[in-house]
Amino acid sequence: MKSSIKKTTFKAIYRLLDAVSPIDGDCGRLCGSICCLCDEENDGDSLGIYLLPGEEKIFSGDESWLEWSWEYAEDYEFPDSWHGKVYFLKCLNAPFCQRDMRPLQCRIFPLTPHLDEDGMLFMIYQSGQLPYTCPLISQRIELNADFIKANLTVWKHLIRDPLIYDLIEMDSRYRVEDGEDIAVLYP
């Protein structure tokens with residue numbers, strides 16, 4: 001799968017998101033870093049993250065703190081425009097990852113992008129089923145405004161890539177079809 005997002009753009013996005021945080025302090029202290037770890041249903045395995053198309057360019061593939069695997073997009077519920085490998089990472093030292101290299105999906109949590117029926121981009125709380133309870137979501141803890149705004153900026157750039165746009169559009173459509181709680185945070 002060939003993304004139009006360049007490695008330098010991903011690096012700039014990582015730097016921007018390194019400068020912001022969902023709350024003041026370490027949100028992992030609220031829940032014991034549950035989004036990095038596991039739940040009982042996961043048999044003690046750490047949770048993993050799919051990379052966005054092109055995000056693998058940031059990594060060498062030889063990181064000793066990561067376990068790499070991949071799936072064919074066609075075999076899973078990814079947009080129809082996706083073909084070929086989708087990379088999946090697990091942190092081997094969770095929750096003690098190499099923070100400056102954590103994947104984009106880790107950096108944006110507990111937010112996710114959402115497109116409305118007119119194609120307008122919003123930042124919302126992650127919705128749907130998670131294998132854990134995040135207090136930032138369940139208690140609707142107020143998130144830092146700079147974190148929310150930085151996420152919107154990032155996603156405005158990322159959805160210029162047709163593959164990423166298709167993913168966000170598909171996820172947004174499923175949220176609406178499933179009647180999920182869509183808590184718009186910004187704008």
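Arg140 first. I find Arg140 in the loop between helix H4 (135-138) and helix H5 (145-158). This is a predicted model, so I am reading computed geometry throughout. The phi of Arg140 is positive, about 50°, although the residue is not a glycine. Buried or exposed, or something in between, for Arg140? I get a relative accessible area of 34%, so I log Arg140 as partly exposed.

Pro187 falls in the segment after strand E6 (184-186).

Then I went to His114, which belongs to strand E4. Its relative accessibility is 5%, and I therefore count His114 as buried. What surrounds His114, leaving out residues up to four places away in sequence? I listed Met120, Leu121, Phe122 and Ile124, along with Ile168, Ser172, Arg175, Val176 and Ile182. One of these neighbours, Ser172, also makes a side-chain polar contact with His114 at 3.4 Å.

Cysteines next. How many disulfides does the structure hold? I count 0. To remind myself what I was looking for: a disulfide is a covalent bond between the sulfur atoms of two cysteines. I checked Cys134, whose closest cysteine sulfur is that of Cys31, 5.9 Å away and so too far for a bond. The cut-off I needed here is 2.5 Å between the sulfurs. Cys134 is buried at a relative accessible area of 8%. Cys27, by contrast, comes out as partly exposed, with 25% relative accessibility.

Last entry: a sheet. I found an open sheet of 3 strands in the order E1-E3-E2, paired antiparallel. Which strands are at the edges? They are strand E1 (48-50) and strand E2 (66-72), each pairing on one side only. On average, neighbouring strands of this sheet are turned by 25° against each other, with direction ignored. Zooming in on E1 and strand E3 (residues 85-91), I see an antiparallel run joined by 3 bridges. In one of the bridges I looked up, Gly48 has Lys90 of E3 as its partner.

Definitions and conventions:
Residues numbered from 1 in each chain as written. Predicted model: local features only at pLDDT ≥ 70, side-chain atom pairs only at ≥ 80, totals over all residues. Heavy atoms only, no water. Helix = DSSP H or I, 4+ residues; strand = E, 2+ residues; numbered from the N terminus. Buried < 20%, exposed > 50% of the residue type's maximum accessible area, 1.4 Å probe, protein only. Polar contact = N/O pair within 3.5 Å; in protein donor to acceptor, adjacent residues only side chain to side chain. Contact = heavy atoms within 4.5 Å. Pairing = 2+ DSSP bridges. Axes fitted to C-alpha atoms, helices over the stretch in contact; angles between N-to-C directions.
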